[in-house]
Amino acid sequence: MTTSRRRIAKWWLQSFRRATLWIPQWFPKTVIFNSPQEAAMAFPYLQQPSFLLASLKADSINKPFAQRCQDLVKVIEDFPAKELHAIFPWLVESIFGSLDGILIGWNLRCLQGRVSPVEYSIAMEFLDPGGPMMKLVYKLQAEDYKFDFPVSYLPGPVKASIQERVLPDSPLYHNKVQFPSTGGLSLNLALNPFEYYMFFFALSLITQKPLPGALHVRTSDCAYFILVDRYLSWFLPTEGSVLPPLSSSPGGPSPSPAPRTPAMPFASYGLHHTSLLKRHISHQTSVNADPASHEIWRSETLLQVFVEMWLHHYSLEMYQKMQSPHAKESFTPTEEHVLVVRLLLKHLHAFSNSLKPEQISPSAHSHATSPLEEFKRAAIPRFVQQKLYLFLQHCFGHWPLDASFRAVLEMWLSYLQPWRYAPEKQAQSSDGQARCVSEKWAPFVQENLLMYTKLFLGFLSRALRTDLVSPKNALMVFRVAKVFAQPNLAEMIQKGEQLFLEPELVIPHRQHRLFTAPTFTGSFLSSWPPAVTDTSFKVKSHVYSLEGQDCKYTPMFGPEVRMLVLRLAQLITQAKQTAKSISDQCGESTASRPFLSWLGFCSSDANSSYSANDLDEMGQDSVRKTDEYLEKALEYLCQMFRLNEAQLAQLTLALGTAQDENGKKQLPDCIVAEDGLILTPLGRYQIINGLRRFDIQYQGDSELQPIRSYEIAGLVRLLFRLSSTINHRFADQMAALCSRADFLGSFCRYHLMEPGVANKHLLSPVGRGGRSAGHARGPRLSLRFLGSYRTLLSLLLAFFVASLFSIGPLPCALLLVLGYFLYAMAMTLLTERGKLHQL
């Protein structure tokens, strides 16, 4: 009975499937076909992609990750492009996540090999530049499919430009903008498969928010970071040429590459300008590219996508608006974002510096030069420089004043040192000093002048507001000073500033506007040579294109910056003294700890330790490193700006950095008024940054102090009630004993009177008059010391040692009392003698 039911169910299922395939033939849809052949083959194939997509979506829920990837590899190999193009957008979104950040996809930013080795290896193999996913991209590329990408998810300046119907300057968007259909509101870009894939890959770094558990993921170990490195190495090779696209089928022809849209003559790469005239979006032109340039269209597209998606979040107009303190940030980069951009910059330096020596000189430019060589020469100045400058300006001005700025700092320093990534390494000097920067890098320094000077000024303003006692902040100052103090670098920067500031004797004034002439259509500068030989013109062009023609340039080695450097040197000196003071204080407190401190029962002085920085957490070794960093940073700054010791000493004394008489404690800068001390602006700065502090001490009744962690709360309260009762009942007798002038009176005063506070230094901003009345207290007995763990453990240890010598508890107690009386008598005599000497 059961077998017959199964057969009937199987037959019914097969019949139902056949019926679903016949339904479209019974009720055909209205379809527009491009050719009769397509119309004849429409219905059997139109249903197949939707069924394939539905099947893959179901598998993504029901099957494990490894099985899904194996199925995807088979689908990519077996199905033709006509079926695959329908699943391509879904597949890209399922890998990299949705553009709105709701779907996380494969979560490549948190996928690590040491945590999930199986999933990591499968994902990396699938997404490798030579893997199945790229085979799918090239298979679709050969059929010239287009995919819509919404403009609303592009970076802010690009989105605003397109929505205003103004064509962006980057050729990446040219001839791709699609107007909305009748009644539609959204604008889209028509992208080829390679562009569509790279758009999603690059934007996933920004749109996908990290999961709560991803805070401890090391960026350099995650799959996304390693994939970026592989794509850069594959499409921007430092050796050889770009590998051709993989064949979509064994023995089949390679897919033809899509032309660059529009093609930009490589001759215009030598100039870096922005457009004077805003071209309307309807004027998109499609220029056929030089066939020789087809070999690098993927390299050019990859670089433009990475730069646009990761760096082009600020325009020059937006940057000028952000200078207002009330401006609202439109985009805030993350530390992971900055680390990936640094990887891009390091690889671009290696890519650009891989030119052969005979290809570097401008005279070597000719029509015989390959497109890849021209692209290497133009990659950084043409595509990266302006957007990176605005990105760094925003980070320097808006990044929090904490140690996370180290990522931005290292990205900036990596860009400033292209010689570190050159194939030929500079020889280290024999005496171990820093390597001298070769003169061949002078053009790079001059053409990136603002990257050195303007951003150095921005770093100075940050350093003057940070706590230099912190080892991490001291390290950042040291790193910047060390890089800029490299031999011959300061001279190159000065030479660049001289070229910019020299009067324009050769270039007519009316040519100023050509500094920002357009280059994308070739119509405005078609008669200009591909390489500008006038060095002064190139420096001015660089500055005007990044800052505008009405910019006010502040020379790095001028008097204004020199005063800021002197102020930084003074703060470094202050921070060194503060670190040394904290180190000495920690050493004294460590040396004065009792034997039982290892048990955790010793008292901790609440008034002695300043913990506003991380010195206390990292120990003496960190203090030593901080001192070394600051010492070397001060030395490098003196080398760069030719500061002498006399200037530093004069500034140190003028700004009140000299230590006081005990060589350690220093009050913040303040003035004495009738009501006490009043902080000056410098004093407030010193307190905020931890350079100086007031030694705040407890000035109230010692019996009413809060119960400490080394005390037994219940016992302290009981002893307080007992001592209060005794003091209340015998107050007159204790006062009479303490008023006696003989030895008994001195002995009672030593035990029943608090020590005087008249000789204490005024280390608090509280006025003197308000505190004097609170210390006029009569004699009283205090038993609070018996509630301390340390006291009780000491007594137990004494009784235990006595038991080893066969001494009972009562004799031991009598010996302890006798010993204390002898100690108290000696201290009484010493105290009275000290008072006589003071008189």
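Among contacts between residues at least 6 apart in sequence, what percentage join residues at least 24 apart? In this protein the value is 79%, a contact being heavy atoms within 4.5 Å. The model is predicted, so local features need pLDDT of at least 70 and side-chain atom pairs count only at pLDDT 80 or more, whereas totals for chains, interfaces and linings use all residues. Residues are numbered from 1 along each chain as its sequence is written, and side-chain values use heavy atoms, with hydrogens and water left out.

The protein has 31 helices and 5 strands, taken as DSSP runs numbered from the N terminus (helices: H or I, at least four residues; strands: E, at least two). Of its 839 residues, 44% are buried (under 20% relative accessible area, with exposed over 50% and partly exposed in between; 1.4 Å probe, protein chains only).

Three strands form an open sheet in the order E1-E3-E2, with antiparallel pairing; two strands pair if DSSP finds at least two bridges between them. Strand E1 (147–150) and strand E2 (177–178) are the edge strands, each pairing on one side only. E2 and strand E3 (residues 188–191) are joined in the antiparallel sense over 2 bridges, and Val177 has Leu189 of E3 as its bridge partner. Helix H9 (residues 193–207) lies across E1 and E3 and runs at about 30° to E1; axes are lines fitted to C-alpha atoms, for helices over the stretch in contact, and angles run from 0 to 180 degrees between N-to-C directions.

In helix H8 (residues 156–163), the buried residues are Pro157, Val158, Ser161 and Ile162. These residues fall within an arc of 125° seen down the axis of H8, so they line one face of the helix; the arc is that of the directions from the helix axis to the C-beta atoms. H8 is followed by Arg165, which has a positive phi near 65°.

Helix H18 (residues 449–463) packs with helix H20 (residues 489–501) at an angle of about 100°, the axes being 10 Å apart. The two helices are therefore roughly perpendicular (65 to 115 degrees; under 35 is roughly parallel, over 145 roughly antiparallel and the rest oblique). Leu449, Tyr452 and Thr453 of H18 make the contact with Leu489, Ile493, Gly496, Glu497 and Phe500 of H20.

Gly714 is found in helix H27 (residues 713–729) and is partly exposed, with a relative accessible area of 48%. Its C-alpha atom is separated by 8.5 Å from that of Gly787, 73 residues apart along the chain.
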